[in-house]
Amino acid sequence: MTLRNYECFIVSYMAIVVHENQICHQIFFYELITLHAMENSSQPRTEVDMKMKEDKTFRKGSDPLTQTARGKLQNQRQKLNEKINKELRMRTGAENLYKAAEHNKKLRDRVSLELSYFNSNIQLLKEQLADMNSSVELYQHENSASHTPLIPLGLKETKKVDFSVAFKDEILQHYSEDGNKYVAEIKELSELREAVRTPERSHAGVELLMEYLCQLNFVEKRFFNSKRHLSLYFHWYDCLTGVPDSQKSVGFEKGSILYNIGSLYTQIACKQDRTVKAGVMQAIVHFEKAAGAFKYLESRFSSAPSQDMKHETLAMLVGLMLAQAQECVLEGRLIGGSKEGVFNCAQIAQEAAMVSHKYSQTYKCMSAPESKNYLPFSWLSMVETKLHFYKGLAHYYIALALMEQKDSGDMTKLKLLFEAIHSGVAPRDENNGLKLPTTAEERKNLGKAHLRESVVNHEESIRIHNLCKQLRKIDTFRDILQKTHERALTKFSSLEEEDDFSEIITVLDILPQSEHNTVSVSPDISKVKVRDIFWKLGPINVFNANNDWSAPRSVTLERDPSEGFGFSVRGDSPVVIADLEKGSVAEHCGLRVRDYIVGIGQVDTKWAKHDEVVRLVRQANLSLTLVLVTPAPKPETPAHRPFSTISLPASPTKTQAQSPAAATERERKSHNRISAPWMFVRRNSNKDKNGTPDRPKSTPNGNIILVSNGNLKNPHMANGADIEL
């Protein structure tokens, strides 16, 4: 069986040339290209996929060849996004032509016709995308026929990004290294980004997204600076409308990945088997994690380029995920049937009231003008349907508690029940359902009133459900609504009597309460340990995009056997020149205090420890070649901050006065730091005359030296002590 032949249209839009008295007409031409993919192949598609998997090993957590229903749906979403993007570009071109043809009425009429054609196409494509976002049944577990469907989120789609040119240029200009030495690292980053476009619907897929997110933190520090902008754009599509957006900011990339982490959590939650307790618990956990991801993004993403990442949308998604998690809490309680007893029925009623309450809050966020026209209509309909469905369910269980339980006549329990479900509600009149029923007839009338309220809410949920075309396609949801309504209606009808002239009791809403009130759980991104791909550039706290330094220079020091090189070093990774001896070889060759030693001979020492550098210098004997860079001085911060600036408070470095005992200890360590045969100093140096070389004088309150890793340390620490060479 061969693959199908694919046909596609390529639309070319020719440039518009505007002259003084002549405007070239807009020209569209279509070329029909027929692609015969693997026309003569006799291999089945599955065999082809297996062969591709054998030829190339994919990253753990990513499977581009997945053929599940969810994978196919995501591929269809990607194709729709590309079509919408193409139509939007063509519409933009037509709008520009319309503006240019200001004095040509005939051409403007033709362009207006084209614009209406583009607008109708875009609207149709968006409707198809909305239908796709409404396909919630594909994400549910196969055993979920007896449970209401939950709303998952599709992943944001993106285009491929070529890091090669931009990163090679930055490595050459900022790090003064050949960018071709980092081809393997750039390829590894590109493959990682390509893998996150097709994550698995599993924990491995989430960890893959988190790995790339952590790697972006390193990439941001290495290559992205507010003063220098790379010629690099990140393209992402809106999750719900497919509208594309592109930015140079790596923050946009990080925000989109974090959004996909939340979306993937929703899909994992929806596919859990909610007929068993373990599946319900997993669904709750993942919905809470999804809410945490969206809340984390809402609090840290300041400027949203697309509607799906705006604060209002993210706040709505947080509420939706928590409401669905609360729904799973109720389902977990109902597994195996409800237990008998007034208190058990009352607790289930309050759980259902809590679900209804959270869906009510979510629906208010969805009904806001900035969200209502953006969200799929099926989402609003489903949330409103569940709002009334669970409200009716709460009243139904209160009716059961009043009429059908063995302990329904226990006045002590009924009193506690009323206090629990109507806590803080003041009585308005004698017919509002707050009067404690003392007789069986009163309990029957009050239970009947709750059943009436239950039937009304169930009828409203069915009405709203039937108004949405997409929801009508979900047979299981419709069946659940109808069965629940028939159950309440049957009980209510059995209590109806033709000669019943009792006053109608109006019941109050049930106080929402839950044993497990769902809350958002922030994603634990720190648990994913990653290695900096571009670690060879050096320690990131020194060699990053925000720091500047000179180009590397090679210095060769030649000394006589009777003298030393005349410099001392301090710190780790990289080791820094701490002191120069006056008139020494090091001073004559141009070494400077605070220079970083990034190489010794052919050995790269950016990551070298203090002891390793000392060993390499000693092994050099009489000739030593150093590769040095000089850090650029940092701009001085103003003494007083303007009061109009909103920023975090500065963290001043604390210094402590040095005691005489500490000074004596330092002198003792200086003498015993290294044995005499390894002291490469000149015979006529100050050490021969005074016993100790010239050292920088420490201030009365203790000297603080900036070491190579950017941290402030005391110079008297044993690990970072000066070594004279």
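Contact is defined as heavy atoms within 4.5 Å. The structure is a predicted model, in which local features need pLDDT of at least 70, side-chain atom pairs count only at pLDDT 80 or more, and totals for chains, interfaces and linings use all residues. Residues are numbered from 1 along each chain as its sequence is written, and side-chain values use heavy atoms, with hydrogens and water left out.

His388 lies in helix H12 (residues 377-403); helices (H or I, at least four residues) and strands (E, at least two) are DSSP runs, numbered from the N terminus. When residues up to four places away in sequence are not counted, His388 touches Asn457, Glu460, Ser461 and Ile464. With a relative accessible area of 18%, His388 is buried, a term that stands for under 20% relative accessible area, against over 50% for exposed and in between for partly exposed (1.4 Å probe, protein chains only).

A nonpolar core is a set of buried Ala, Val, Leu, Ile, Met, Phe, Trp, Tyr and Cys residues joined through side-chain atoms within 4.5 Å. The largest such core holds 127 residues, among which Phe167 and Leu417 touch the most other members. Helix H12 supplies the largest share of this core, 16 residues. A second, separate core has 21 residues, including Val555, Phe565, Leu580 and Leu624. Beyond its neighbours within four places in sequence, Phe167 is in contact with Ile186, Leu189, Val219, Phe223, Leu230, Leu232 and Phe534.

Helix H5 (residues 183-195) contains Ile186 and Leu189, which are buried, as are Glu185, Leu192, Arg193 and Ala195. The buried residues of H5 pack against helix H4 (164-174), helix H6 (203-223), strand E3 (234-237) and helix H7 (250-270). The 13 residues of H5 reach 18 Å from first C-alpha to last, close to the 18 Å expected at 1.5 Å a residue, where the expected span is 1.5 Å times one less than the number of residues.

Rings of Phe, Tyr and Trp (its six-membered ring) pair if their centres lie within 6.5 Å; planes under 30 degrees apart count as stacked, over 60 as edge-to-face and the rest as tilted. By this rule there are 14 aromatic pairs. One of them, Phe543 with Trp549, is edge-to-face, at 5.1 Å centre to centre and 85° between the planes, and both residues are buried. Ring pairs link Phe163, Phe167, Tyr175, Phe223, Phe224, Phe234, Phe534, Phe543, Trp549 and Tyr596 into a cluster.
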